[in-house]
Amino acid sequence: MTNLSRRRFVKFLGAGTAASVIGMPNVARAARPRVVVIGGGAGGGTAAKYIARDSKGAIDVILIEPSKKYYTCFFSNLYLGGFRDYASIGHTYENMAAKHNVGVIHEWAEMIDRDKKKVRLSSGADIAYDRLIVSPGIDMKYDSVPGYSAEAQAVMPHAWKSGTQVQLLKAQVMAMKQGGTFVMVPPPNPFRCPPGPYERISMIAHLFKQHNPKAKIVVIDPKPKISKQGLFQAGWESYYPGMIEWLPPAVSGGLKEVDVSTMSFKTDLDTVKADAASLVPAQTAGRIAHKSGLTDASGWCPIIPKTMQSAIDENIHVIGDASVAAAMPKSGFSANSQAKVAAMAVRGALTGSRVFDPRFANTCWSLIAPNDGVKVGASYKAGDKKIEPASTFISKTGESAQLRKETYEESVGWYEGITTDIFG
Amino acid sequence: MKTPNIKRHRDSARGGVIGAIAFAVVILANSSANAQDKELGQYLSGQCITCHQASGKSNGIPAIIGWDSDSFVAIMDSYKKKERENKVMQTIAASLSREEITALAAYFGSLKSKP
């Protein structure tokens, strides 16, 4: 890294922000093509590392991620249930910067100027790109349930974005009065992590079984069917009999509104008063995708499957939850898989490196009770318009305890593997 | 891990001139593919290493680095035929051609474990 390039880099960020940067590009900007990555999670983190590492320094990679420590949303349920501690799901960007020479900037990307191919940071600085990877995750539609709001998340946390809100939720669960009622409101489709709300319910039930055995969990679900439904319902019956009541819209008539001040959930059937609750609103692409014109009427970003390029702007690739990557579910595993396809396409476009047929895969593991894990997943191919499943699998009810234990242990191995893959 | 009843994969001897020429062509084709195998293998390994860590560390998921190619290919074939039970591996094996499995075998076989 030359003194000249460091001075120039710090200058264009503005004096006050030098401390928020770790890692620097090795060579002055003009010598190498530059890729900017917005979002340092399972999608963006993977893309930044893979492009930097596999281009062997031929591409200058800048990663913009506000958090200095990234707490994975995946496995946050296991922290909630008491199966791991919070620190174990946090990861830093030191290796990204020091080992892989990614320039990591801990700021918000405020806006993308697609015509000038620049990203505007919260500090006011602009970073130019040749190709841009946008991996901003999800944002909440707080008004999707009448009565819920951004302020309400302190009272009934959604804890559906990575960070400390899951600690708040756990504290509220543990503090709930004996014999009280916990209300869970899962989100409507499409949303991040289809089995997630039901693993969360399982984890809360596991806590109640130990600490609050007369507690009840009422689930007011906007969806008539849920991921791994047979597996969760059999598991709940087996481990937490009589504790969990799952209400699909046909039974409840749907959630009409919530009164946060009284913790009341009004459905056609009844008004349920909660002693503690979690409400996960409807979701949409991270707001920078909206602000930059990368979303369509659905609120998500359409993409070209073979490269994960935005269908709206060929210089931008959108990966992870923000993208319309159906049939893939929105998950950390999917984001990591899509990132590798995007990374390969970007390197091919910028350096002429070989581009192979894209491969996608996803597996979602869920823990129902100690040593009882289930999974669902698929491998996928890139069709012209959509990502299509090639073959699928799902755990079965009645599997042996040994297999369920192995499935859980497999998920632990995966977590170690994927977090090393992103942050190692 | 169960030891499967692995049939060694050998190109069976073929009688006749045409058979011998076909055999030679197959060998030549495989040789030129081999030159590119590791690059293809490295790309494909992207979907393996989230579970099977490239360092060789294993925790609930077996390490697959440093294996000889025959064993690697044979085990993947067992998953393709559903002789081995893990559903994730059956799905992954089904999505890979023989050439791709061979490339992966070459790539993972070349990795050394890291502390």
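Let me begin with a definition: a residue is called buried when its relative accessible area is under 20%, exposed when that area is over 50%, and partly exposed in between, with a 1.4 Å probe and protein chains only. What we are looking at is a predicted model, in which local features need pLDDT of at least 70 and side-chain atom pairs count only at pLDDT 80 or more, while totals for chains, interfaces and linings use all residues. Residues are numbered from 1 along each chain as its sequence is written, chains are lettered from A and ligands numbered from 1 in the order in which they are written, and side-chain values use heavy atoms, with hydrogens and water left out.

I will start with the salt bridges, by which I mean a side-chain nitrogen of Lys or Arg within 4 Å of a carboxyl oxygen of Asp or Glu. Over all chains, this rule gives a count of 23 salt bridges. In one of them A:D126 pairs with A:R120, with 2.5 Å between the closest N and O atoms; A:R120 counts as partly exposed because its relative accessibility is 39%, and A:D126 does so because its value is 28%.

Another pair is A:E110 with A:K291, where the closest N and O atoms are 3.6 Å apart. This one links distant parts of the chain, since A:E110 sits in strand 7 (residues 109-113) of chain A and A:K291 in helix 9 (residues 287-291) of chain A, 181 residues apart; helices here are DSSP runs of H or I with at least four residues, and strands are runs of E with at least two, numbered from the N terminus. A:E110, with a relative accessible area of 32%, is partly exposed, and A:K291, at 48%, is partly exposed as well.

Apart from neighbours within four places in sequence, A:T407 is in contact, meaning heavy atoms within 4.5 Å, with A:W365, A:G373, A:V374 and A:K375.

Helix 2 (residues 44-54) of chain A is mostly covered, with ten of its eleven residues buried, among them A:Y50 and A:I51. Just after helix 2, A:K56 takes a positive phi of about 50°.

Finally, the interface, where the contact takes 31 residues from chain A and 24 residues from chain B. The buried area, that is, the accessible area (1.4 Å probe) that two parts lose on being put together, summed over both, is about 2,300 Å² between the two chains, and carbon and sulfur atoms give 55% of that. The rule finds three salt bridges across this interface, and A:E416 forms a salt bridge with B:K57, the closest N and O atoms being 3.1 Å apart. On the side of chain B that touches chain A, helix 1 (17-45) and helix 3 (87-94) of chain B each supply at least two residues, and the largest share, six residues, comes from helix 1.
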